Each structure stands twice: as structure tokens, then as C-alpha cells.
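Dear colleague,

Please find the structure below, together with its sequence. My notes on what was found in it follow, and I would be grateful if you could read them alongside the coordinates.

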Amino acid sequence: VKRVTTNTILAMKANGEKVSMLTAYDYSTARALDEAGIDVLLVGDSAANVFAGYETTLPITLDHMIYHASAVARGAQRALVLVDLPFGEYQGTPEDAFKSAVRMMKESGAHAVKMEGGIEILDNIKKIIDAGIPVCGHLGLTPQSINKFGTFGVRAQDEAEAEKLKSDALELQKLGCFAVVLEKIPAKLAKEVSESLSIPTIGIGAGNGCDGQVLVVNDMLGFTKDFKPKFLRRYMEMYDGMVEAATKYAEDVKSGNYPNESEQY
Ligand code: KIV
Ligand code: NA
């Protein structure tokens, strides 16, 4: 199979083909999503939430992210593996950011990194791109800044924040980012930004005008029990299915129904 590269992703924008992206944190999930033909597997720092059970993405470490990314990379034959640099590992000096990105690339086998923010981290992104590491931007609701925002609500609803976002998106493109994630912003703004760029925008809660879409895999599979924001479409009810299966298994063990004759040696 032919590997999806950042050039493939850029060509999709040029050809008007939408980019499909889902998160993945482990080998088995990566295999299934790769077989389904998902273009990009994002090893999101949302692992802090849905894998580890933290309230925010702040606690996850570079070592944790390397571990998740290496598992996903081993499961992905075709998909481009994109990985989040975690909070605190790229917002310092450009050298700090560069070291984090290099460790990630050397130790995980991922193909590109994602960083949250615009103008504030431009020099840091540049240092990484100059080293030959593809970078995806992330604007709008950037969860690593939750303590600044105070809520996980829709961003860029006022003129000032919308203008900054538009300018940040252009700066990220100028720097050489191959894509930019737009999280939880008005659909109208996301469409406008998408039309202003030659690199693809990947939306989550950002409407249909984006050049691609991303969802947290646990959310779209219905594995996160009570998370039902307006933007989310659930393609399975995995949590309910898992409870049902485990309940049945427990009953079978208790009753002596499992294992049967053909399930033993
Ligand atoms: O960590 C993550 O899952 C993400 C997506 C929501 C874009 O950054
Ligand atoms: Na993330």
C-alpha cells in the first residue's frame, strides 16, 4: 500500500478531496482505522482524557505520547501518523520545542507533529519545520489553554478573536505547516479561513466548510459514555456493547457455561 504523506494531504486540498482523520492511541485501533482507509491517524493528547481519565490534557508527558505514537505507528500501514506535542514541551524556547519534536520523531516512528497556537509559537514551529519535521497547526479551542479559556465552549465568536485566528492561520501557512486543525469555532469563520488557505483545514466542531474532519475515535464509537456535544456524530454505541458483552461473560463464567467442550484443550 502507498503511504499517505503530507504531500498527499496537500494534493487533496488542491483536488477538492476531503481529508479523513481520527484519533488513535493504540496498535489494535490503529490497525482497524488504517484498514478502513482513514487518511490521518492523530495520536492526540486527548489520550489524557479518554485513555487516562484526566479532566484536561495538561498532565500527559512526552514519554506517554511517544509510547502511544509508537503503538499507532506499528499499526498503520497506509495512514499518515500525526502526533500531538504535549503541553509544556514546545512553548518554551525554539530549542526546547526542537528537542521535543526530534525525540518524538526518533523514538515513535510518527510522520508529523501537531502544536496548539499561532503567533505566540511561530519561531518554535519554524525551528521544527526547518529540521524537516512536518507540522500541523491547531487553532480555535486549544485545550492545552483551558485554564486561560475557563470553559471548553466555542471560540472566536467575537471579532477580535476571529481576526487573530484568521491571521494566525495565514502565518502558519506561510511558515510551511501542511495543515491546520480548527477546533470548535463558528462554521462561517472556519469556511472563510478554509477558503483563504492553500493548505487544508481539518475541522472538529467547525462545520462543513473545512477541508477535512477529525473526531476523537472513542467519541465517534460511543465509547465515551456521556460525552454528547452537538458536533459529535456517534457511529457505534461501543460503551453499551462492551457492558453487554462483559455482563454476558460474567454470567457465563458464574454459571459454568464458559468455557465449553470446544473451548478447552
Ligand atoms: O487531541 C486531540 O484529540 C485533538 C483533536 C481533537 C484535534 O487534538
Ligand atoms: Na490535541
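**Lysine 114 and its surroundings**

Not counting residues up to four places away in sequence, K114 touches L82, V83, D84, L85, C136, H138 and V181; two residues are in contact here if their C-beta atoms, placed from the backbone, lie within 7 Å. K114 lies in strand β4 (residues 112-114). Helices (H or I, at least four residues) and strands (E, at least two) are DSSP runs, numbered from the N terminus. K114 is buried, with 23 other C-beta atoms within 10 Å. A residue counts as buried if 20 or more other C-beta atoms lie within 10 Å of its own, as exposed if 12 or fewer do, and as partly exposed in between, with C-beta atoms placed from the backbone.

**Basis of the description**

This is a predicted model, in which local features need pLDDT of at least 70 and side-chain atom pairs count only at pLDDT 80 or more, while totals for chains, interfaces and linings use all residues. Residues are numbered from 1 along each chain as its sequence is written, and chains are lettered from A and ligands numbered from 1 in the order in which they are written.

**The chain as a whole**

The chain has eleven helices and eight strands. Its radius of gyration is 20 Å, close to the 18 Å that the globule rule gives for 265 residues, so the chain is as compact as a globular protein of that length. The radius is taken over C-alpha atoms, and the globule rule is 2.2 Å times the number of residues to the power 0.38. Along its principal axes, the C-alpha trace spans about 65 × 40 × 40 Å. Of the 265 residues, 43% count as buried. Among contacts between residues at least 6 apart in sequence, 59% join residues at least 24 apart.

**The annotated positions**

An unreviewed UniProt entry places the feature "binding site" at D45, D84 and E116. These residues span 72 residues in sequence, yet no two of their C-alpha atoms are more than 10.9 Å apart, so they gather at one spot. The unreviewed entry also places the feature "binding site" at D45, S46, D84 and K114. This set spans 70 residues in sequence, yet no two of its C-alpha atoms are more than 12.5 Å apart, so these residues gather at one spot. UniProt positions are given in the numbering used here, feature names are shortened, and annotations may be inferred rather than shown by experiment.

D45 lies in the loop between β2 (40-43) and α3 (47-50). It is buried, with 29 other C-beta atoms within 10 Å. Leaving aside neighbours within four places in sequence, D45 is in contact with T57, I60, M65, D84 and P86.

D84 is found in strand β3 (residues 80-84) and counts as buried, with 31 C-beta neighbours inside 10 Å. Not counting residues up to four places away in sequence, D84 touches V43, G44, D45, M65 and K114.

**Helix packing**

Helix α2 (residues 27-35) and helix α4 (residues 62-75) pack at an angle of about 40°, with their axes 7 Å apart. That makes α2 oblique to α4. Axes are lines fitted to C-alpha atoms, for helices over the stretch in contact, and angles run from 0 to 180 degrees between N-to-C directions. Angles under 35 degrees count as roughly parallel, over 145 as roughly antiparallel, 65 to 115 as roughly perpendicular and the rest as oblique. Y27, S28, A30, R31 and D34 of α2 make the contact with A71, V72, R74 and G75 of α4.

Helix α4 also holds I66, which is buried, with 22 other C-beta atoms within 10 Å. Not counting residues up to four places away in sequence, I66 touches R103, M104, E107 and S108. I66 and E159 are 93 residues apart in sequence and 38 Å apart in space, C-alpha to C-alpha.

The axes of helix α8 (residues 159-175) and helix α9 (residues 187-196) come within 10 Å and cross at roughly 25°; α8 and α9 are therefore roughly parallel to each other. In this pair, A162, L165, K166, A169 and L170 of α8 meet L189, V193 and S196 of α9.

With kind regards
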